[in-house]
Amino acid sequence: MIALASDHTALELKAEIKKLLDEMGLEYKDFGTCTAESCDYPIFGVRAAKAVASGECDRGIVICGTGVGISLAANKVPGIRCVVCSEPYSAQLSRRHNDSNMLAFGARVVGPELAKMIARVWLEAEFEGGRHQRRVDMLAALDRREDLE
């Protein structure tokens, strides 16, 4: 299950991502917003992030104007590794090397076709583990407020 969330600026792009998820046969849960009324992206980014961190959802996709604000909010939830991507290569490597569990992009930065390409690549990529696992474990230690050295 994929957690989805957006602010008011990204409703149309979120609808396009829902179509992509339907095409890919992936279930999703929309954590809002559902109206064009101005709203605060941290509320919706954190809702989706909590669903991913708790295991209710496997991964999440969050969208705001630039992708930056909503990713910052999501990354405040322990266990979340949310990456902002404006192109597919970083999205793919964020999964393969960093085991990113949330993807963010900006509705004012990427168009619908590019956003769907980024999301598809990210959704299809798998974590490679191996030498990358040590670094992901370090990120988890930071979530627990542990020192790395």
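Me: What makes Glu146 and Arg144 a salt bridge?
Reply: The closest N and O atoms of Glu146 and Arg144 are 2.8 Å apart. The cut-off is a side-chain nitrogen of Lys or Arg within 4 Å of a carboxyl oxygen of Asp or Glu, so the pair counts. Please keep in mind that this is a predicted model.

Me: How do you know whether Arg144 is buried or exposed?
Reply: Arg144 has a relative accessible area of 51%, and exposed means over 50%, so Arg144 is exposed.

Me: What makes Glu23 and Arg120 count as a salt bridge?
Reply: Here the closest N and O atoms are 3.8 Å apart, which is still within 4 Å, so this pair qualifies too. The two residues link distant parts of the chain, since Glu23 is in helix α1 and Arg120 is in helix α5 (residues 112-124), 97 residues apart. Glu23 is exposed at 59% relative accessibility, while Arg120 is partly exposed at 30%. There is also a network of salt bridges that links Glu16, Lys19, Glu113 and Lys116.

Me: How do you know that strand β1 is mostly covered?
Reply: Strand β1 takes in residues 2-6, and five of its five residues are buried. Ile2, Leu4 and Ser6 point one way, and Ala3 and Ala5 point the other way.

Me: Why do side chains alternate in a strand?
Reply: In a regular strand, the side chains alternate between the two faces of the sheet. Strand β5 gives another example: Met102, Ala104 and Gly106 point one way, with Leu103 and Phe105 pointing the other way. As in β1, five of the five residues of β5 are buried.

Me: What makes β1 and β2 a pair of strands?
Reply: Three bridges join β1 to strand β2 (residues 28-30), and the two run parallel. At least two bridges are needed, so β1 and β2 pair. Ala3 stands opposite Lys29 in β2. β1 is also joined by five bridges to strand β3 (residues 59-64), again parallel, and there Ser6 stands opposite Ile63.

Me: Which strands does β5 pair with?
Reply: β5 pairs with β3 in the parallel sense over five bridges, and Met102 is the bridge partner of Gly60. β5 also pairs with strand β4 (residues 82-84), in the parallel sense over three bridges, where Val83 stands opposite Leu103.

Me: Which elements make right-handed β-α-β units?
Reply: One unit is made of β1, helix α1 (residues 11-24) and β2. Another is made of β4, helix α4 (residues 88-98) and β5.

Me: Which residues touch the most other members of the largest nonpolar core?
Reply: They are Ile17, Ile61, Leu103 and Phe105, in a core of 20 residues. β1, α1, β3, β5 and α5 each give two or more residues to this core, and the largest share, five residues, comes from α5. Apart from it lies another core, of 19 residues, among them Val52, Val62, Ala74 and Cys82.

Notes:
Residues numbered from 1 in each chain as written. Predicted model: local features only at pLDDT ≥ 70, side-chain atom pairs only at ≥ 80, totals over all residues. Heavy atoms only, no water. Buried < 20%, exposed > 50% of the residue type's maximum accessible area, 1.4 Å probe, protein only. Helix = DSSP H or I, 4+ residues; strand = E, 2+ residues; numbered from the N terminus. Right-handed = clockwise from strand over helix to strand, strands pointing away. Core = buried A, V, L, I, M, F, W, Y, C linked by side-chain atoms within 4.5 Å.
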